[in-house]
Amino acid sequence: MSFDVLFNQFMSGIARGALLFLVASGLSLTFGVLRVLNFAHGSLYMLGAFLSYSIWKYLLIPTFGFYVAAVLAALIMAGVGLIIELGLLRRLYARGWAEQLLATYAIILIITDLVKWGWGGAFLSIPRPEPFTGAVFMFDFPFPSYNFFIILLGAGLVVFLWWLVYRTRLGDIIRAAAHDREMVSALGIPIPWLFTSVFVLGAAIAGLSGAVTAPFGSVALGMDIEIIIECFAVVVIGGMGSLPGTLLGSFIVGQVYSFGIMFLPNLALAFIFLVMAVVLIIRPWGIFGRPER
Amino acid sequence: MKRSAVLALFVSAVFLLLLTGATAQDTIKFGAIYDFAGGCHMYSESAITGIDMAVAEINAAGGVLGKKLEYVKRDTEAKTDVAVREVKDLILREKVNFLLGPCSSGTGLAMQVVHSENKVIRIAGLANTEAQTVDKFTPYIFQIVPNTYMEATANTRYLHKKFPKAKRFCTIGPDYEFGRREEAAFAEEIKKLVPDAEIVYEAWPKLGEKDFTAFITAIMAKKPDAVHGSLFGGDLVSFTKQALPYGFFQKIPFIALYDLPVLVALGADAPEGTLGFGRGCFFMDPNPKMMEFVEKYKKAYKGNYPDSWAVMAYESLFLFKAAAEKAKSIETEAIIKAMEGTNLDMLRGPFTVRPLDHMGTVPCYQGTIAKVPEYPFKIWKDLSRVPGDQVIRPEAEVREIWKKTGVQR
């Protein structure tokens with residue numbers, strides 16, 4: 001097996017990891033601060049994808065319509081996140097995890113029915129936008145430039161979240177709240193406001209990542225559950241609520257999947273869960289996670 | 001509970017019974033059970049449009065044996081347990097005369113056990129696993145969609161005809177009943193056509209996969225002469241868009257289920273020169289009856305074109321009508337007897353329901369994707385229509401399989 005073949009497979013894994021990171025980072029961020037496992041994160045991602053399709057179709061701007069649609073979809077999803085946090089989640093923080101799970105599961109069902117009602121069962125697709133329609137060549141082998149765009153976006157999000165969490169005052173508060181909620185509250189920082197901001201940010205990231213998958217593949221019902229299962233694998237491996245953990249988890253899942261497909265195509269998906277099981281046995285809180293107190 | 005309340009309940013119950021009894025006499029009620037979820041959602045919606053057209057036409061012309069058709073729609077949510085529950089409810093409570101559906105081969109096999117036990121027939125015009133009529137045959141199933149064996153045999157021959165020198169193959173199919181059956185039939189047929197054929201790599205993405213990049217690079221690394229695919233719907237749209245920048249379609253001959261909804265969704269991205277197979281819509285079989293149907297359909301559905309799934313659901317009801325009129329009864333055993341050997345000559349041309357296994361000798365279609373000025377989407381050229389009797393599994397082979405699976409007939 002030659003080097004370029006392996007390199008290409010590695011790059012396929014990087015692209016998949018970047019896509020997973022886009023979605024899983026929002027899930028992990030929300031969990032880290034709010035301590036709520038948002039099952040409906042995948043549904044926000046799906047709704048973002050459908051919204052970006054409709055906005056793109058309505059705008060009909062030939063070249064840059066998609067980028068406008070993606071940003072608008074992210075903003076609308078931020079609004080949806082605001083409604084969900086204020087209307088539902090806020091009332092559930094004090095309750096047990098079982099009730100939180102039921103409530104976020106209810107959101108999945110509601111959004112699925114909304115999408116059925118609004119868009120029906122069709123699968124939709126947006127053409128890849130300029131200048132990412134073609135391929136770039138690496139070692140005489142083509143690599144789709146839109147995949148590069150996704151990788152760049154993933155890298156951009158890493159930098160943005162790192163800056164936000166480690167270099168801003170909001171980030172200090174977020175990290176402090178993840179560590180000790182009562183102490184932050186005792187310092188006079190309004191916790192409800194902090195939670196709302198973080199959830200809205202998570203929803204916007206979900207919406208944006210949904211939008212960028214629209215030109216990548218197809219937009220269809222069921223994409224919510226499909227992505228959330230792999231995102232759980234990512235955050236379990238990397239550690240819930242940890243930014244570096246989510247990055248490493250995305251990388252591992254992407255690579256395991258990519259090389260699994262090449263060498264053991266019948267077991268590719270099983271391998272990811274095997275890795276997850278091993279991590280759970282050795283380090284139940286994930287590679288970069290902290291044990292629950 | 002007060003005595004008056006009990007009495008009121010009893011009276012209303014009797015009244016309801018009389019009411020349903022009364023309607024049962026001048027109408028024929030059937031259950032339309034489909035999978036309105038995930039990849040099957042769109043196909044199920046299409047099937048319902050075909051059913052609505054057929055019901056309206058048949059009723060306008062006096063119904064079946066003077067009785068109007070009416071139907072109850074049910075959703076399996078693409079889950080086998082829900083399928084079983086809904087079919088039971090359709091049979092026991094709604095007392096339907098027969099069933100149409102579903103889309104998924106998985107829910108189809110699950111419900112087959114239930115409606116067969118209750119002696120209610122089902123016409124499958126969408127779910128096409130060969131297991132319905134062969135491995136797990138019961139007299140209560142009729143299949144008028146080319147089954148996985150027929151379809152893959154026919155499209156393997158087309159692939160071989162177009163690329164006779166191809167010896168090293170890869171396959172890519174969704175990892176469930178349908179994909180596994182199609183690729184098994186491909187492997188069986190290609191070894192008959194090309195004795196030294198070799199399958200160098202098999203890709204099994206899960207149903208609903210969104211990212212095919214790693215599969216594409218793995219296939220290209222094997223440098224196959226051709227790739228046989230059984231991807232369909234949204235999965236095929238994703239695969240195609242992701243394979244395009246790799247120059248996949250210029251380098252490797254490929255065949256998959258490029259039917260109308262996929263070509264519409266892909267638009268300009270549909271790869272010209274790549275091969276498609278399908279189950280019978282207007283651009284695959286542009287005969288006068290089909291084109292007349294297209295015009296009627298477009299009037300009824302805001303200018304949309306009917307796909308194969310609407311065509312097959314539409315024909316399913318006319319098959320029932322033909323059998324009922326031949327039997328002069330809608331009693332199940334009489335319908336079964338009449339349906340065996342019934343000929344239908346409608347949108348897809350003539351076919352017969354084979355008495356042995358209730359499999360229709362319906363045609364399989366293949367073509368090459370091409371751009372034409374008449375339509376706003378790409379369609380096929382180099383059309384191939386393989387009549388079902390050329391690819392249906394020989395009766396002797398069916399009996400051999402039955403010996404293994406324990407089907408008595």
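Tutor: We will take the contact between the chains, then the core, the sheets and a few backbone details. Keep in mind that this is a predicted model.

Student: OK, how many residues of chain A are in contact with chain B?
Tutor: On the chain A side there are 36, and they meet 35 residues of chain B.

Student: Which part of chain A gives the largest share of that side?
Tutor: H1(A) does, with eight residues. Among the other elements that supply at least two residues each are strand S2 (141-144) and helix H5 (145-167) of chain A.

Student: And how do the residues on the chain A side divide into nonpolar, polar and charged?
Tutor: There are 18 nonpolar, 16 polar and two charged residues.

Student: Now the core. Which residues touch the most other members of the largest nonpolar core?
Tutor: Met77(A) and Cys231(A), in a core of 220 residues. Helix H8 (residues 191-216) of chain A makes the largest contribution to this core, 15 residues.

Student: Switching to sheets. What is the order of strands in the open sheet of five in chain B?
Tutor: The order is S2-S1-S3-S4-S5, and the pairing is parallel. Strand S2 (68-75) and strand S5 (141-143) of chain B are at the edges with a single partner strand each, so one side of each has no neighbour in the sheet. On average, neighbouring strands of this sheet are turned by 25 degrees against each other, direction ignored.

Student: Which helix packs on that sheet?
Tutor: Helix H2 (residues 41-60) of chain B, which touches S1, S2 and S3 of chain B. The direction of this helix makes about 165 degrees with that of S2(B).

Student: How many bridges join S1 to S3 in chain B?
Tutor: Three, and the two strands run parallel. Look for Ala32(B), which stands opposite Leu100(B) in S3(B).

Student: What about the open sheet of seven strands, what is its order?
Tutor: In chain B it goes S7-S6-S8-S9-S10-S13-S14, with mixed pairing. Strand S7 (198-203) and strand S14 (379-386) of chain B are the edge strands, each pairing on one side only. From one strand to the next, the twist averages 20 degrees.

Student: How many bridges do S6 and S7 of chain B pair over?
Tutor: Five, in the parallel sense. There, Arg168(B) is opposite Glu198(B) in S7(B).

Student: Why does Asp382(B) count as partly exposed?
Tutor: Because it has 13 C-beta neighbours inside 10 Å, while exposed would take 12 or fewer and buried 20 or more.

Methods:
Residues are numbered from 1 along each chain as its sequence is written. Chains are lettered from A and ligands numbered from 1 in the order in which they are written. This is a predicted model: local features need pLDDT of at least 70, side-chain atom pairs count only at pLDDT 80 or more; totals for chains, interfaces and linings use all residues. Two residues are in contact if their C-beta atoms, placed from the backbone, lie within 7 Å. Helices (H or I, at least four residues) and strands (E, at least two) are DSSP runs, numbered from the N terminus. Ala, Val, Leu, Ile, Met, Phe, Trp, Tyr, Cys and Pro count as nonpolar, Asp, Glu, Lys and Arg as charged, and the others, Gly among them, as polar. A nonpolar core is a set of buried Ala, Val, Leu, Ile, Met, Phe, Trp, Tyr and Cys residues joined through C-beta atoms within 7 Å. Two strands pair if DSSP finds at least two bridges between them. Axes are lines fitted to C-alpha atoms, for helices over the stretch in contact, and angles run from 0 to 180 degrees between N-to-C directions.
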